[in-house]
Amino acid sequence: MSTDRPGADNPSTLIGLFNALFMPTMRTELVRGADEPLYRPADADCATYRIIFARGYFSSALHEISHWCIAGYERRQREDYGYWYIPDGRNADQQHAFEQVEVKPQAVECLLAEACGRVFHVSVDNLEGDVEVDRDAFTQKVSAQAEQYRRQGLPPRAEVLFHAFKDFYINGLCLEDVVRKQMPVIKTLR
């Protein structure tokens, strides 16, 4: 399922929407990056918080936004939210730990993708590992968490983005109307 709206698959459109919502209020910007995604808090060299997604991929942007939506204030003050990350090639224990911390972000990503009119695919992110990954079991965990978010509500920033994305990508509202509609809620976020 993909929207027919011009520019819908263009990450620049997603960047513009995210930045219009969160640069003025939370000094946070979505940035197209190179090979690896990275979150960088504001510091002496840069006054903005940066969600840097990989290679300009729309799905990478949604995934990195999802991590930001879940991270609390203290985690957002640390590079990559202070999480460990072991790249592709993880052993069984490392993969299990990876999957445990990825369920919630990928559930948020699933719902944000839906709001953008896009198909979501889970990522086990261990193509070169020596362990067999049970993609179906992980998919079920992500789906169950997404359903729980549907029933109980998304984390606040994710909730704002879900409605903003749906209004823009599915309902066809213009950027200015989306921002105007969400700004009262955004101003209450921390």
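Mentor: A nonpolar patch is made of residues that have over 30% relative accessible area and no salt bridge, with nonpolar side chains joined within 5 Å. The model to which this is applied is a predicted one. In it, Trp-84, Tyr-85 and Val-101 make a nonpolar surface patch of about 300 Å². Tyr-85 belongs to the loop between helix H2 (58-70) and helix H3 (92-115). Its relative accessible area is 43%, so Tyr-85 is partly exposed, and this value meets the requirement of over 30% for patch members.

Asp-80 lies in the loop between H2 and H3 and counts as partly exposed, at 26% relative accessibility. Asp-80 and Tyr-39 have C-alpha atoms 4.6 Å apart in space, although 41 residues separate them in sequence. The salt bridge between Arg-40 and Glu-79 has its closest N and O atoms 3.3 Å apart. This pair links distant parts of the chain, for Arg-40 is in strand S2 (residues 38-40) and Glu-79 is in the loop between H2 and H3, 39 residues apart. Both partners fall into the middle class of accessibility: Arg-40 is partly exposed at a relative accessible area of 29%, and Glu-79 is partly exposed at 44%. Glu-79 has over 30% relative accessible area, yet it is left out of any patch because patch members may have no salt bridge.

Arg-150 is partly exposed at a relative accessible area of 40%, and Glu-114 is partly exposed at 28%. Arg-150 and Glu-147 are 3 residues apart in helix H4, so about one helical turn separates them. Glu-147 counts as partly exposed, at 38% relative accessibility. Through shared partners, these salt bridges join Glu-114, Glu-147 and Arg-150 into one network.

Thr-28 and Thr-48 are 20 residues apart in sequence, and their C-alpha atoms are 5.6 Å apart in space.

Finally, a word on helix packing. Helix H5 (residues 156-170) packs with helix H6 (residues 175-186) at an angle of about 165°, and their axes are 10 Å apart. Because of that angle, H5 is roughly antiparallel to H6; angles over 145 degrees count as roughly antiparallel. The crossing in which H5 passes H6 is right-handed.

Technical notes:
Residues numbered from 1 in each chain as written. Predicted model: local features only at pLDDT ≥ 70, side-chain atom pairs only at ≥ 80, totals over all residues. Heavy atoms only, no water. Patch = residues over 30% accessible without salt bridge, like charges linked within 9 Å, V, L, I, M, F, W, Y side chains within 5 Å. Areas by Shrake-Rupley, 256 points an atom, 1.4 Å probe, with all protein chains shown as cover. Salt bridge = Lys/Arg side-chain N within 4 Å of Asp/Glu carboxyl O. Helix = DSSP H or I, 4+ residues; strand = E, 2+ residues; numbered from the N terminus. Buried < 20%, exposed > 50% of the residue type's maximum accessible area, 1.4 Å probe, protein only. Axes fitted to C-alpha atoms, helices over the stretch in contact; angles between N-to-C directions. Parallel < 35°, antiparallel > 145°, perpendicular 65-115°, else oblique. Left-handed = near helix turned anticlockwise from the far one by under 90°.
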